Amino acid sequence: MAAPGPRLRLAAAISLLLLLAGAQALAPSHRLTSRDLARLRAALERPFADVQAAYYSIVGLDSLGVRVADEKAACNFVKSHVDSSSVDSLFYAAQSIRVLSGCEVTISNETRELLLAAVSEDSSITQIFHAVGALSSFGLPLASQEALSALTARLSKEENVLATIQALETASYLSQQADLSGIVEEIEDLVARLDDLGGVYLQFEEGIETTALFVAAAYKLSDHVGTEPAMKEDQIIQLMNAIFSKKNFETLSEAFSVACAAGSLSRNHYHLPVIIVPDGPAAVSHHQPVLRLQVTDVMSQPLTQASVKLDYAKSASSKATVLQQTPFTLSGDVFELNFMNVKPASGYYDFSISVDGDKRFIANKVELKVKVSTEVGITNVDLSTVDKDQSIAPKTTRVAYPAKAKGSFTADSHQNFALSFQLIDVNSGAELIPHQTFVRLHNQKTGQEVVFVAEPDSKNVYKFELDTSERKTEFDSASGTYTLYLIIGDATLENPILWNVADVVIKFPEEDAPSTVQSKNLFVPKPEIQHLFREPEKRPPTVVSNTFTALILSPLLLLLILWIKIGANISNFSFAPSTIVFHLGHAAMLGLMYVYWTQLNMFQTLKYLAILGGVTFLAGNRMLAQKAVKRTH
Amino acid sequence: MSGAAGSGAGAAGSVGSVVRRFLVEYGSGTPSRLKVLDAYLLYVLLTGALQFGYCLGVGTFPFNSFLSGFISAVGSFILGVCLRIQINPQNKGEFQGISPERAFADFLFANTILHLVVINFVG
């Protein structure tokens, strides 16, 4: 009955963990730091090449809250370079003039007619957008209902992302009396078309520029219409991560789009992403007891109106809450909290911080890992030589850090060397267990060093004992004077320690001492390995095998002699063609055997054999039949 | 003693007389065709024995060559014996359908296949 219980609990725990992981909001990973902002400004503050470039620069800088350097010159440039026959040019000029202060322009009737004519179902969405934008920025009257119907009709034909974004922008210029809900619904459709990259970034496959333009247009329209854009908090943060991940801008239009997105994310009516970063490393100590936080919007403007609160601070190891529900105090542009007031033990702490003050804040809860450092002190350092037989009482010397023990200690076959010490937190007096507590023995003559770990016992007293018979392999049985160092280190210690405590004379038994102490150099050439080639088989001398070859032909000689003696002859040889063919074929087959031995493979031989054999067989058949006939007669 | 010696001499004499009688019978009673074939068989036997003796003397490397040579000798001997049995007029009753010419053709054909394999194996 024990088996199902724990498994069920495990499954419940895992599902709860997954739920929590999903419930936890994503933290922004990218923002526009002040350096990024400067780069963006520099990208936008280029001398104007044409009206479009002027539009990007002027309106982009305005989104960042920056005024153009010389507004009068900009105004003159725009007025002189505008092309009154082009709707696009008029749009760029109109938008720029609207932003620049003290820039006036009069519009001729022809220009107005041109713009009004462009607002129809036959123009592309870009044309409608530019016409509507120009008319609105010039302050000319505009028939919103007609524009809306033209837009809706075009939208059903042009399905691409950029056209839809431009439709959103156009709708933000139309009167609120028109029913813009159809266009507002496009925001949701566009959000569905975004690509999720690793759960961190959300962007269109067309690129960052399109994504940034979408964000700017969505918020512009939502502010105009008065409804919250249909984007979830996580999606907004992912969009932010994608847009602000681009730090270098190749084109002016890219810089413009990022500037517009930054402006809209810091100034709209619905969502205000909050960036919470520690000012410097997230570490406090006795010397630096204050934790400083920068709480800003996406353009690194400090949100001094916000109220920042520590929800809880838990120790990372013990999960005990040391502080909760404490507000941060504003000091200049930075929020501060003196964490050392609660006298935390050294180590890592999980901070949960929330920022409130405005309903629009999103990503306003963060988890931060804060390190509390301290200084370590070594106390009760006792060096002693312990007799192995326990017959003599151990001799103990106390040393105080950072002094070195006077005299030297001996460890040999009948006495061990022992070291014990305690580590305490200098500020609080509590016992510390750092990560690194090493005892290093360094041979002064040969340069050998051996490092051991000192382990704490149940009372947190560190002990180290050197037994020469147990440890002779580490030392290679090299006797001599060794300097003893104590090394204490940890991530949360501000004062790591390397302390030369004493000199220890170690004597190993003589029979184990190596004749020369070689330093273990790993990087010398190793002895060469000689490859043993396969030995050829033993063969008899050539004389023997040649003799045998001659010998093997002797039975053949015997055969010929016997045949002659018996009286075998070929007197019955008939010169019939079949006989000749048979004998020739047979001889050829024997010759083929020889050729097979020297040159051919089985397949070729079978081929030739089939031909020769066939011929020989036919001839032989005829010949033998004739012989049989002759015999029976 | 003399009886044993006599019987020993007699035994030796009997072995010798058996051999002599055999040779006389063989020389007169065997057709010359069969004698020719017997000479061939003796030749093959000697060749095989010599090969085997050489292998015992100097070792079996290369083993495949020895095997192919030895099997050639053994196989040829067997086929020769088969031919002799089939040609022997005294066995005519047992080989009604097989004329000497047919036996000879079979002998040639089997030898061809044997030596094809032998040459393949000799290396």
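Visitor: Which residue just after α11(A) takes a positive phi?

Guide: Gly226(A) does, with a phi of about 95 degrees. Helices (H or I, at least four residues) and strands (E, at least two) are DSSP runs, numbered from the N terminus. This is a predicted model, in which local features need pLDDT of at least 70 and side-chain atom pairs count only at pLDDT 80 or more, while totals for chains, interfaces and linings use all residues. Residues are numbered from 1 along each chain as its sequence is written, chains are lettered from A and ligands numbered from 1 in the order in which they are written, and side-chain values use heavy atoms, with hydrogens and water left out.

Visitor: How many residues has α11(A), and what reach from its first C-alpha to its last?

Guide: The expected span of a helix is 1.5 Å times one less than its number of residues. With 18 residues, α11(A) reaches 26 Å between its first and last C-alpha, close to the 26 Å expected.

Visitor: How many residues of α11(A) are buried?

Guide: Buried means under 20% relative accessible area, exposed over 50%, and partly exposed in between (1.4 Å probe, protein chains only). In α11(A), 13 of the 18 residues are buried, so the helix is largely enclosed by the rest of the structure. Helix α12 (residues 233-243) of chain A is mostly covered too, nine of its eleven residues being buried. Among them are Gln235(A), Ile237(A) and Met240(A).

Visitor: Is Pro141(A) buried or exposed?

Guide: Pro141(A) is exposed, since its relative accessible area is 56%. This residue lies in the loop between α7 (125-138) and α8 (144-157) of chain A. Not counting residues up to four places away in sequence, Pro141(A) touches Leu116(A) and Leu135(A). The C-alpha atoms of Pro141(A) and Arg112(A) are 9.5 Å apart, although 29 residues separate the two along the chain.

Visitor: How many salt bridges does the rule count over all chains?

Guide: Side chains of opposite charge can pair when their charged atoms come close. A salt bridge is a side-chain nitrogen of Lys or Arg within 4 Å of a carboxyl oxygen of Asp or Glu. The count over all chains is 20. One of these joins Asp382(A) and Arg398(A), whose closest N and O atoms are 3.1 Å apart. That pair links distant parts of the chain, with Asp382(A) in strand β14 (residues 376-387) and Arg398(A) in strand β15 (residues 395-399), 16 residues apart. In chain B, Arg84(B) and Asp38(B) form another, at 2.4 Å from N to O. Here Arg84(B) in helix α3 (residues 63-87) is linked to Asp38(B) in helix α2, 46 residues away. Asp38(B) counts as buried because its relative accessibility is 17%.

Visitor: How many helices and strands are there in chain B?

Guide: Chain B has four helices and zero strands. Of its 123 residues, 30% are buried. The secondary structure of chain A comes to 18 helices and 23 strands, and 42% of its 633 residues count as buried.

Visitor: What area do chain B and chain A bury between them?

Guide: Buried area is the accessible area (1.4 Å probe) that two parts lose on being put together, summed over both. Chain B and chain A bury about 2600 Å², 81% of it on carbon and sulfur atoms. Of the area that chain B buries against chain A, 24% comes from Phe61(B), Glu101(B) and Leu116(B), more than from any other three residues. Zero salt bridges are counted between the two chains.

Visitor: How many residues does the contact take from chain B and from chain A?

Guide: The contact takes 28 residues from chain B and 32 from chain A.

Key. Contact = heavy atoms within 4.5 Å.
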